[in-house]
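Subject: A structure for you to look at

Hi there,

Here is the structure I promised to pass on to you. Have a look at it first, and then read my notes below.

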Amino acid sequence: MARIFSGIQPTGIAHLGNYLGAIRNWVALQEGNEGIYCLVDLHALTVWVDPAALRAQTRTNAALLIACGIDPARSILFNQSAVHAHARLAWIFNCVARFGWLNRMTQFKDKAGKDREAVSTGLFVYPNLMAADILAYHATEVPVGDDQSQHLELANDIAQKFNHDYGVEFFPTITPRIMSASARIMSLRDGSKKMSKSDPSDQSRINLTDNADAIAQKIRRAKTDAEPLPDSVEGLAHRPEAQNLVSIYAVLANQPLAEVLRTHEGKGFGPFKESLTELVESVIRPIAEATRQIEQDTGEIDRILRNGADRAAAIADPIVTEAEKIVGFLQP
Ligand code: AMP
Ligand code: TRP
């Protein structure tokens, strides 16, 4: 039995990329493991977010995770700010991680863009907090999409440097659990960009709460090229939009890419998009319906998150208190 930790930012609404790249795997890993799943509201603050929207989206995304199959009786589901151990350990890691390490993070470079002077310092130390999230529980398995693998390498570097500097074997090594077939679902508008909650265009992603009309419209308008579908996987090379749509189909239908192409080769995107729409709808409809129902009882969501936070703190508090002892904080 392994201890699993993963997190999702409660900004916007979780989308198909989150589901296929991460959440689906969180649900599967609940079986036979100890799952700890976190709505990372401290991370959400690294870019401006309206307070009322943050509160609302924390609840909606909690409802979504439950609708996707996270069982709060079995796994621990909570919001990050409710467990202070994360921020306490993050400070220690701010002092362990090197400036140069963080400066090499591609997600920071992407998010900061040209205007580095103007971004929050929180955005820069974001990966230190992420390392703290995981290591505060001594969790060893972390299911994420491919975009997080550099952050997980950094978390391992931090754990190793801490252990080395203080002469302890305190923090374990983390193993990323990345589902290769769906680790990077791309935007429907641009096959070179990942599907993301922060993309200004809602047409770029399928939200897990979208209704049938929205899904049909987004897939119909999804960018493609003028060629018909190829007859082999090699034929998808240099056709990022086609590659993305066929991959989504393959993962949802639980078929290898080659098999999807055998059925659809030579066809235009029109009929293929119709089959894809049906498939996506059949997966999202039950999730969206369950979310709407769960979301109505905010009191119950808050109780679930409070209970999750209490159980999370019971694990993380002693570990972080021990780390504080190791670094020499007096605990009078
Ligand atoms: P975020 O929305 O950035 O909080 O991401 C939550 C989880 O979903 C992380 O494990 C990400 O790696 C994963 N994820 C986010 N976007 C995608 C995507 N487009 N394709 C696959 N996985 C993704
Ligand atoms: N940085 C992750 C993302 O944006 C979210 C996250 C925060 C996370 N803390 C984590 C993921 C710890 C895994 C483990 O996707």
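**The two ligands**

Around ligand 1, β1 (3-8) and α1 (16-29) each give at least two residues to the shell. These labels follow DSSP runs numbered from the N terminus: helices are H or I runs of at least four residues, and strands are E runs of at least two. The largest share of that shell, four residues, is supplied by α1.

Before we go on, please keep in mind that this is a predicted model, in which local features need pLDDT of at least 70 and side-chain atom pairs count only at pLDDT 80 or more, while totals for chains, interfaces and linings use all residues. Residues are numbered from 1 along each chain as its sequence is written, chains are lettered from A and ligands numbered from 1 in the order in which they are written, and side-chain values use heavy atoms, with hydrogens and water left out.

Which residues come nearest to ligand 1? They are Gln9, Gly145, Asp147, Ile185 and Lys197, out of 19 residues around ligand 1. A residue counts as near if one of its heavy atoms lies within 4 Å.

An N or O atom in the side chain of Asp147 is 2.4 Å from an oxygen atom of ligand 1. On the backbone side, a polar atom of Met195 is 2.9 Å from a nitrogen atom of ligand 1, and a backbone N or O atom of Gly17 lies 3.2 Å from a nitrogen atom of ligand 1. The protein buries 92% of the 490 Å² that ligand 1 exposes when taken alone; these areas come from the Shrake-Rupley method with a 1.4 Å probe, and for residues only the protein chains shown count as cover.

Now for ligand 2. It is surrounded by 13 residues, and the closest are Gln9, Tyr126, Met130, Asp133 and Gln148. Nitrogen atoms of ligand 2 feature in its contacts too: a polar side-chain atom of Asp133 lies 2.6 Å from one, and a polar side-chain atom of Tyr126 lies 2.7 Å from one. For the side chain of Gln148, the distance from an N or O atom to a nitrogen atom of ligand 2 is 3.1 Å. Taken alone, ligand 2 exposes 360 Å², and the protein buries 91% of that. Helix α7 gives the largest share of the shell around ligand 2, four residues.

**The aromatic rings**

How many aromatic pairs does the structure hold? There are twelve. Rings of Phe, Tyr and Trp (its six-membered ring) pair if their centres lie within 6.5 Å; planes under 30 degrees apart count as stacked, over 60 as edge-to-face and the rest as tilted. In one pair, the ring centres of Phe99 and Phe124 are 4.8 Å apart and the planes are at 40 degrees, so the pair is tilted. Phe99 is in helix α5 (residues 99-103) and Phe124 in helix α7 (residues 121-135), so this pair ties together parts 25 residues apart in sequence.

Enjoy exploring!

How values were computed. Polar contact = N/O pair within 3.5 Å; in protein donor to acceptor, adjacent residues only side chain to side chain.
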